[in-house]
Amino acid sequence: MNKLILLTFTSILVATSLSFAQSKKNFKVHTIAFYNLENLFDTINDPNKFDEASPMMELKTNRSEVYKKKVRNMAKVIADIGNEVTHNSPAIIGVSEVENREVLEDLVNDSLLVDKDYGIVHYHSPDARGIDVALLYQKKLFTPTASTSNELKIYDDQNGKRVYTRDQLVVSGKLEDDPISVIVNHWPSRSGGEARSRPKRVAAAKLTKHLVDSLQVIDPYAKVFIMGDLNDDPTNASVKDVLKAEKDRDKVKLKGIYNPYETYFKEGLGTTAYRDAWSLFDQIMMTKPLLEKDYSSFRLYKAGIFNKNYLIGNKGQYKGYPLRSFANGGFTDGYSDHFPVYVYVIKEVD
């Protein structure tokens, strides 16, 4: 079988002076990102969760040492995302596959991140595996004004029983002086096969669409970021038919949604790999007001996949894949089985 061929996306930006047409203007730049942290679990058995099936709890020895390394590795990646351009870690980053608030506190208090003074928005989800989504934000850059955790009710197609999965997190606030909202997702997996599990992700997309609609009822010009591990590609029905996300930013209507990752997917890019095939499950979409050409407030500049060489396996069965943390019942000292994704937002300054 042919080994997976890794395709990379490279963008070159100048942080302080981005050129538009013939004029040179100065712009403030921030990174907004999403990262699936691949089973960031602590070492304590929670009797109210099925956390004993987590890779961390399945380790026979050195759990505490592994946990510290796992937290440090996650902090290293987060500190690096966008740093080449902004000289800062993300202003805002959504995360998934975290067990609880405690692991998030350990993460933001790691020496690589503690000076950034990240705040945390987190709610416990009813997910059967005990994993949640959350939002981290630099307090000096973003001020939350409201947040909600929104339950997704889905059912097994054979026995009719409820399937407990992740809630969808909505956080509204101000990025400096600009009102924005962020919806953080981790849609149901493809367990049982893509076709059989598809209705669950369609249901998740309907909930996300409802949340976007609710924000747009309050303000038709709401700046909304939709991010997460969707367990679907940009061309799947959940994204294309339910969210009606457009790959061409010029075709996005007033209350429409733009998905820059559809173009990357069609070019062969991905964020996670399985059986020598790339998927682009991790995406950041946005509403039309973030696409306008008036840079007096924050607008989208560019989207990307953070796939630095150190995040890629260079040997073994996962060579060329994202360098995961856990494999074959042990800790690899890797990072995640997903690459992070990010967007740069820019605002003209004097």
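Colleague: Why is Lys244 called exposed?

Modeller: Its relative accessible area is 56%, and exposed means over 50%, buried under 20% and partly exposed in between, with a 1.4 Å probe and protein chains only. So Lys244 counts as exposed. Bear in mind that this is a predicted model, where local features need pLDDT of at least 70, side-chain atom pairs count only at pLDDT 80 or more, and totals for chains, interfaces and linings use all residues. Residues are numbered from 1 along each chain as its sequence is written, and side-chain values use heavy atoms, leaving out hydrogens and water.

Colleague: Where does Lys244 sit, then?

Modeller: In the loop between α6 (237–242) and β12 (245–246). Helices (H or I, at least four residues) and strands (E, at least two) are DSSP runs, numbered from the N terminus. Lys244 also has a positive phi, near 55 degrees, though not a glycine.

Colleague: And why does Asn328 count as exposed?

Modeller: Its relative accessibility is 70%, and the cut-off is over 50%, so Asn328 is exposed. Asn328 is in the loop between β18 (326–327) and β19 (330–331), with a positive phi of about 55 degrees.

Colleague: What makes Glu348 partly exposed?

Modeller: Glu348 has 36% relative accessibility, between the 20% and 50% limits, so partly exposed is the label. Glu348 lies in strand β20 (residues 341–349).
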